[in-house]
Amino acid sequence: MELTNLFSPDIFNFTFSVVCSSDENMKEASFRNLEVIRNFQNKFLEKGYNVRMFDPSGQDDIGGGCGQLWYVQNWLKKMK
């Protein structure tokens, strides 16, 4: 079943996010996904949904976007 059949655009909003690479050396990987995410997001826009995209690029510090993913992974590696 499609999400659009479950949730009315009158009361439901969508936030789409870039996909962060689990490898900090691949920081640019999310930018290759932007067009795919925009195309998917546009399908909901066309049906009247309020949508936005979360792009955490540049937020590589603790607590921000992909940076938190990489920080936690490094912390877990050190805990072994």
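How many aromatic pairs does the count come to? The count comes to nine aromatic pairs. Rings of Phe, Tyr and Trp (its six-membered ring) pair if their centres lie within 6.5 Å. Planes under 30 degrees apart count as stacked, over 60 as edge-to-face and the rest as tilted.

## Basis

This is a predicted model, in which local features need pLDDT of at least 70, side-chain atom pairs count only at pLDDT 80 or more, and totals for chains, interfaces and linings use all residues. Residues are numbered from 1 along each chain as its sequence is written, and side-chain values use heavy atoms, with hydrogens and water left out.

## Fold and surface

The chain has three helices and two strands. Their order from the N terminus is α-β-α-β-α. Helices (H or I, at least four residues) and strands (E, at least two) are DSSP runs, numbered from the N terminus.

Of the 80 residues, 22% count as buried. Buried means under 20% relative accessible area, exposed over 50%, partly exposed in between (1.4 Å probe, protein chains only). The chain exposes about 6,000 Å², and carbon and sulfur atoms supply 53% of that area. Areas come from the Shrake-Rupley method with a 1.4 Å probe; for residues, only the protein chains shown count as cover.

Contacts (heavy atoms within 4.5 Å) reach across the sequence. Among those with a separation of 6 or more, 61% join residues 24 or more positions apart.

## Aromatic cluster

Ring pairs link Phe7, Phe12, Phe14, Phe16, Phe40, Phe44 and Tyr49 into a cluster. Phe14 and Phe16 form a stacked pair, because their ring centres are 5.8 Å apart and their planes stand at 15 degrees. Phe14 is buried at 10% relative accessibility. Phe16 is buried at 11%.

Phe16 also pairs with Phe44. Here the centres are 5.5 Å apart and the planes at 45 degrees, so the pair is tilted. Phe16 sits in strand β1 (residues 13–17) and Phe44 in helix α2, so this pair ties together parts 28 residues apart in sequence. Phe44, like Phe16, is buried.

## Salt bridge

The structure holds one salt bridge, defined as a side-chain nitrogen of Lys or Arg within 4 Å of a carboxyl oxygen of Asp or Glu. The partners are Lys47 and Glu2, with their closest N and O atoms 3.7 Å apart. The pair links distant parts of the chain, 45 residues apart. Lys47 lies in the loop between α2 (29–46) and β2 (50–54), Glu2 in the segment before α1 (3–6).

Both partners are partly exposed: Lys47 has a relative accessible area of 46%, and Glu2 one of 47%.
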